[in-house]
Amino acid sequence: MVAPVAPESLALPSPPWLLQGLGELTLAIHFLFMNVALGGTLLAAVYAVKGKARHLEAGFGLARALPFAMAYAIAFGVAPLLFVQVLYGRFFYTAAILIAPLFLAIVAALILAYSAIYFLAWRWDALKWGRLVALAVVFISLCYVGFVQANLFTLMCRPNLFRGMYLARPGGFQLNGGEATLLPRLLHFALGAIAIASLFVAMQGLRKLRLAPEQGRWQYRSGATWFAGSTVANMAIGLWWLFGLPREEWSLFMGRDLWATIIFAGAIFFAVTALVLVHLAIGSPRPRRIFILAASAAVLTVVGMVFMRATLREAELRPFYDAAAAPVSTQWGAAALFGVIFIAALVLMTYLARLAIRAFPPPEGPPLGSGGYRFKNTG
Amino acid sequence: MTYPVWYVPFGSAWIIAVIATVHVFISHFAIGGGLMLVLLEATASRHDDEALKGWLKRRSRFFLLLTLVLGALTGVGIWFTISLISPAATSTLIRLFVWVWAIEWVFFLAETMAILVYYYTWDRLDPFAHRIVGWIYFGSAYLSLVAINGILAFQLTPGRWLASGSLWDAFFNPTNLPSLVARTLVCFILAGLFTLFGLAFTKTGPRPDLVRRSLLWVGIPLASLPLVLFWYFKAIPPEQRLIAAAVPYFNHLALTALFAMAAIALLAAAVWFSRGKVALRQFAAIMLLLGLFGFGSAEWLREDLRLPYLIVGNTYANGVAVSALPELRSQGLLATSQWSSVKAVTRQNEAQAGKEIFVMACSQCHTVRSRLIPLGPRLASLDEGFASWLAYRTDLMRGGMPPFPGTAAEAEAVAHYLRVAALPEAISSDGASVFRRRCGVCHTMSGSFRPLARVFEGEKAEDAVSVLNDLQSFSSDMPKWTGSETEKSALAQWLVAQSNPAKKGAS
């Protein structure tokens, strides 16, 4: 088969597994923060509409967290974008050019969303109805970003479309509208965002159990309910996405490829585990520990999904390009330097995190599960 | 062509110019401003100056917004834009420098965390720990600049990398250090300018001690900058300097940058010596704007120093790899590209072929008839033969043009397309106009780039006509004269008059 795009001029600077591993791990972290930002915006809007004091308290908690979620979503979005360009540059750049103006408008949408997020976080009390307007601006902007990214990343796996699309519209005003899996893919990401953000709401509820037990209990239950609803719905949407793929692709996750099947089974296992644990925590005298386990399972689900996504992309591009067989000229010295600097930065960031924790100590009160505030209202 | 070309009729270069100017302005300020913030905080702490601390707290909110929202996202914007406009060069840079970029990302991550912690922990941490956070922010931001500066400098002076292919040769290239020192000084200048601007608009009025401190941050690095820029220019290979100096608007950009620097210095001196008697708000605003224009012009100039390349010696400005040129010249751009609808120029498809060639080979820097270096009007004011020759021999033109990446027939098609698509410039037959259209594209009269003055020294107009009649005897690269006899006569007289000032006016 003639490659629809020509190869890059330089060899890969490191073995593909290293680039791929770093890219997917940072992408998983990016998704977690992005989920809190996108899902958190939606949940904050729901709470703002409901309007009771407990809703507004939960909404305010989300609004205050949005600047951090957004900052880290952007910071962790840079790394996977870098690694995907190294590994799949010829497909990525070509697909981006095919939808160029819409791709570039992502920057404007992000600036708009980020500005509105700070506006919300700093003016929540004063805004009243303006909250909904600002939340709508953030939500629509972030949805636009996700929509274009989904188009880009599906289009880059369809090299056979490239030439025809380019000759039809060299100005780039087009999308990958013919992609059958686009809608379930978008819904899957959106529901995933709600699930992770609702876990965040539940976590904030747990933190409030000591000083404001009623608010804490309600908030935890609200988060847990949203998590359960969105996760169950997402399983159905996920199956729609999976079986919307051609047979030779979905069958990879159904036993045809051992690695892909293990990842898929693992992701489903962790999602179900998270669901069960989140609800077990409600009846437990030690909800925090169980919640940490539930949140860990949810994080592992996201990691699994990210690796499934990578496996699917590899399968779709294999007729045109096999990263594992690409020429490599490893820069071990530079990779080692990156490792050393990364570890040093981790130490520094741990120090920063400790300072931040010292600056914002958790609210004091009797310990949970020792006759103090219990999760269940036993009175 | 490896990649398709995103065709923007008004010129894709505008997009990168706007985003890059905003980004470099903010990102350099973000570094210098970070240092200034933490040093001023130390001053406030030392003197128990609560007023200054309060001002710094409010200022750090502005700083957070400007750096995290606009600074970081316009940085992503530059990346997106170069991916769309110069995908081949971006791919080369990404593959070569992936670990440098990954290291830069680590610094960016630390920088993001540090500025958030810094802003949100005012009065919640002890002053020393808070200042440490500020130092971590400044250190990460500066190291981020160190990483990116090496890559930017590499594009202009890849140095030994062209032969060795080594990452370290690429990164530690000849202009890396002077460029880094120059950028460091710019960081301080912008920090001073922004702080002065902030002070001018405080409700309680500017504090004279802080105004003077800001002026020192502007003045001292500004005074050292010319020397560092001289060092930078000396580090550029002479042949690259010669090409760049022949870019027609090179002098305008250089003069704008120099004028802005001089004007900032004068205004800073006026504020310093007036001791509060000048309108600080107006002065500070003008100085900040001058900083934007001056710095923007200098960055644009730096980009153009690379011409005709994006990566000197490796990738031309239109994205064509230097190594791919021979094949394109012999096989043709249309035949070898996957992004062309026609594969060879015929009489029937000449217009379509010309347009596609223009998009692939020229539209990265030029437009057909918009404001950004339009080619149509210029070629429409020439006869078809000369226009086609020019299109094919772009490598001879002054101004850092890359070689035409196609066959002579393809050059003819693109020239035809451009001539038909635009109205000609107002044509005058006076000698100066003929020189500009016919000779000035490759020569200067008395400048350093293929000057003609010596050729016609001591000559008469009749001799000049003879020279024009027999141009190819000078060099096989010269085209035949294809203009009218009237133009030839006017040009001959003008050339002689310009080359022999005493004889001006003689016929």
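These are my notebook entries on what I looked up in this predicted model.

**Ground rules.** I number residues from 1 along each chain as its sequence is written, and I letter chains from A and number ligands from 1 in the order in which they are written. Local features need pLDDT of at least 70 and side-chain atom pairs count only at pLDDT 80 or more, while totals for chains, interfaces and linings use all residues; side-chain values use heavy atoms, leaving out hydrogens and water.

**Chain B, overall.** I started with the C-alpha trace of chain B, which spans about 85 × 55 × 40 Å along its principal axes. Chain B has 20 helices and two strands; both are DSSP runs numbered from the N terminus, helices being H or I with at least four residues and strands E with at least two. Of the 507 residues in chain B, 58% are buried (buried is under 20% relative accessible area, exposed over 50%, partly exposed in between, with a 1.4 Å probe and protein chains only).

**Domains.** I found chain B split into domain 1 (12-316), domain 2 (322-421) and domain 3 (431-503); such bounds come from an automatic or database domain assignment. The centres of domains 1 and 3 of chain B, taken over C-alpha atoms, are 45 Å apart.

**Helix pairs.** How do α7 and α8 of chain B pack? Helix α7 (176-200) and helix α8 (208-235) of chain B meet at about 155 degrees, with axes 8 Å apart (axes are lines fitted to C-alpha atoms, for helices over the stretch in contact, and angles run from 0 to 180 degrees between N-to-C directions). That makes α7(B) roughly antiparallel to α8(B) (under 35 degrees is roughly parallel, over 145 roughly antiparallel, 65 to 115 roughly perpendicular, the rest oblique). Their contact holds 25 nonpolar residues, five polar and no charged (nonpolar: Ala, Val, Leu, Ile, Met, Phe, Trp, Tyr, Cys and Pro; charged: Asp, Glu, Lys and Arg; polar: the others, Gly among them).

**Cysteines.** How many disulfides are there over all chains? I got zero in the whole structure, with a disulfide being a pair of cysteine sulfur atoms within 2.5 Å. I also looked up B:C187, buried at 1%, and A:C143, partly exposed at 31%.

**One loop residue.** B:L307 sits in the loop between α11 (280-305) and β1 (309-311) of chain B. Its relative accessibility is 12%, so B:L307 counts as buried.
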